Amino acid sequence: MGIEGEKRYGLLLACKDSEYVKEVYGGYFNVFVATFGEEGERWELFRVVEGEFPNMNELQNYDGFVVSGSPYDAYGNDYWILNLCLLLQTLDAMKKKILGICFGHQVLCRALGGKVGKAYTGWDIGLRKVRIVKDFSPCAFLNGLDEVPPALSIIECHQDEVWEVPMGAEVVAFSDKTGVEMFTIGDHILGIQGHPEYTKDILNNLIDRLLNNNSIEKGFAEDVKLKLQTAEPDRKCWEKICKMFLKG
């Protein structure tokens, strides 16, 4: 039983914990809760990549859900991905808060009628400057910011992207690499292509793993790592945006 009045959130984990993240952080669940959680909240882990989903009869008791990144394709037809799409459609109909990150951003888009696929310009790994659309209708959750910045840096690691947002969605941010870096639907759906929860060490370890399994070339990996040494993502601002969305 939960404590009356406490906020309750679910992390829909679409990837397996890497050895590095397990050793340093105790798993991705801890990384997400450290970034988006607050004292007095209840966070629960559902390893959807392994077929572990929340009880459909319990959904009304949650305040929101976060969908993580994944090495899988959001447009794939693995059983768990189709099951996740069904869950997201249900949560959308219930107007539950859903924050989708990277794969989560893409699968959320797919589930609600948009189109996703391979990025036309290939891998995007490293720090990317994301530009906020000038004339978008300010989202309620952004009203808590003293001023919406014109651009924010975020860690990225993806080779898929949103091609077309669902009907009724609004593109909130873009970059010189990706047309849909961030989108919203009403005040209950937020998709972010980048990783507000990632630290540079998590990304560096991921780059090493991608290099080791021949997903990327050595020169590319070295170039990204070199640039990361002197640049910092706007983690505090992203953290604030995501928290205001989830708690609003």
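Okay, let's start with Val21, which sits in helix H1, residues 19-25. Quick housekeeping: this is a predicted model, so local features need pLDDT of at least 70, side-chain atom pairs count only at pLDDT 80 or more, and totals for chains, interfaces and linings use all residues. Residues are numbered from 1 along each chain as its sequence is written, and side-chain values use heavy atoms, with hydrogens and water left out. Helices (H or I, at least four residues) and strands (E, at least two) are DSSP runs, numbered from the N terminus.

Back to Val21: buried or exposed? Val21 has 1% relative accessibility, so it counts as buried. The cut-offs there: buried is under 20% relative accessible area, exposed is over 50%, partly exposed is in between, with a 1.4 Å probe and protein chains only. Leaving aside neighbours within four places in sequence, Val21 is in contact with Gly26, Gly27, Tyr28, Val31 and Ile202, where contact means heavy atoms within 4.5 Å. Also, Val21 and Pro196 are 175 residues apart in sequence, and their C-alpha atoms are 16 Å apart in space.

Next, the sheet. Nine strands make an open sheet with mixed pairing, and the order is S2-S1-S3-S4-S11-S10-S9-S6-S7. The edges are S2 (42-46) and S7 (151-158), each pairing on one side only. From one strand to the next, the twist averages 25°. Two strands pair here if DSSP finds at least two bridges between them.

Let's walk through part of that order. Strand S1, residues 8-12, pairs with S3 in the parallel sense over four bridges, and Tyr9 has Gly64 in S3 as its bridge partner. S3, residues 64-67, then pairs with S4, again parallel and over four bridges. There, Val67 is bridged to Gly100 in S4.

So why call S4 largely enclosed by the rest of the structure? Because five of the five residues of S4, 97-101, are buried. Both faces are covered: Lys97, Leu99 and Ile101 are buried on one side, Ile98 and Gly100 on the other.

Helix H2, residues 28-36, lies across S1, S2, S3 and S4, and runs at about 150° to S2. Axes are lines fitted to C-alpha atoms, for helices over the stretch in contact, and angles run from 0 to 180 degrees between N-to-C directions.

Now two helix pairs. H3 (79-93) and H4 (103-111) pack at about 70°, axes 9 Å apart, so they're roughly perpendicular to each other. The H3 residues meeting H4 include Trp80, Leu84 and Leu88, and among their H4 counterparts are Phe103 and Val107. By class, that contact has 10 nonpolar, one polar and one charged residues. Nonpolar is Ala, Val, Leu, Ile, Met, Phe, Trp, Tyr, Cys and Pro; charged is Asp, Glu, Lys and Arg; the others, Gly among them, are polar.

The other pair is H5 (200-212) and H6 (218-228), whose axes come within 10 Å and cross at roughly 170°. That makes H5 and H6 roughly antiparallel to each other. Their contact has six nonpolar, one polar and four charged residues.

Last one: Lys247, in helix H7, residues 235-247. Lys247 is at 18% relative accessibility, so it counts as buried. Not counting residues up to four places away in sequence, Lys247 touches Lys7, Tyr9, Phe36, Gly37, Glu38, Glu41 and Trp43.

Definitions and conventions: Parallel < 35°, antiparallel > 145°, perpendicular 65-115°, else oblique.
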